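Visitor: I am new to this structure and would like a close look at one single part of it. Please show me the whole first.

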Amino acid sequence: MCDIRLFRSARMDYETAQMIWREQTADEMILNNAAYHLQQAVEKILKGALECVGVTVPYSHKISKLVSMITNNGANLVVTDWLDDHAEMLSEWETETRYNMDFLVEKRKLDKAMEEVRNFMEINGIKDELRSELLNPEKKARLLQCLPEKKRNCSAFELNCYYILFKKKL
């Protein structure tokens with residue numbers, strides 16, 4: 001069953017990466033922390049979308065494997081070309097930034113990744129503003145009917161996440 005807490009956690013990882021990235025410091029290793037949280041944001045979104053279509057999510061941090069699973073299992077997520085093309089780099093950031101003390105993320109790559117992951121999240125409605133599809137009152141009403149009564153009074157962010165789960169029913 002889809003647990004939108006993964007999407008919420010992904011957004012928090014992105015926001016953490018953003019806070020670190022904005023902090024200008026002489027210590028370049030701080031960028032490794034931003035890169036790690038950015039990778040975690042992507043991983044959690046992919047895993048959350050897989051859960052929403054009933055796929056048992058593997059214990060893996062390999063973004064390319066998760067992207068392939070998204071494609072092969074019809075998950076309701078748009079995988080951007082940038083994400084598909086940079087899946088290996090993001091996977092490397094998960095391990096290298098934590099365990100390799102000589103590894104330094106290149107600022108220009110992190111700058112581009114911040115922009116592209118924000119775009120990936122925006123396209124997929126991982127945001128506080130109601131996604132464009134749900135601005136249609138009929139579609140929003142149909143989505144709310146899919147939810148248990150106690151979950152219908154939820155935030156725009158939560159509705160956006162539930163849309164990923166129920167898109168095919170709408």
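Guide: What follows begins with one lysine and then turns to the chain around it.

This is a predicted model, in which local features need pLDDT of at least 70 and side-chain atom pairs count only at pLDDT 80 or more, while totals for chains, interfaces and linings use all residues. Residues are numbered from 1 along each chain as its sequence is written, and side-chain values use heavy atoms, with hydrogens and water left out.

The residue to look at is Lys44, which sits in helix α2, residues 30–52 (helices, H or I, are DSSP runs of at least four residues and strands, E, of at least two, numbered from the N terminus). Because its relative accessibility is 18%, Lys44 counts as buried, a word that here means under 20% relative accessible area, with exposed over 50% and partly exposed in between, using a 1.4 Å probe and protein chains only. When neighbours within four places in sequence are set aside, Lys44 is in contact with Leu6, Ser9, Ala10 and Asp13, where contact means heavy atoms within 4.5 Å.

Around this residue, the chain has eight helices and zero strands, and buried residues make up 45% of its 170 residues. Of the contacts in the chain between residues at least 6 apart in sequence, 64% join residues at least 24 apart. As for overall extent, the C-alpha trace of the chain spans about 50 × 30 × 25 Å along its principal axes.
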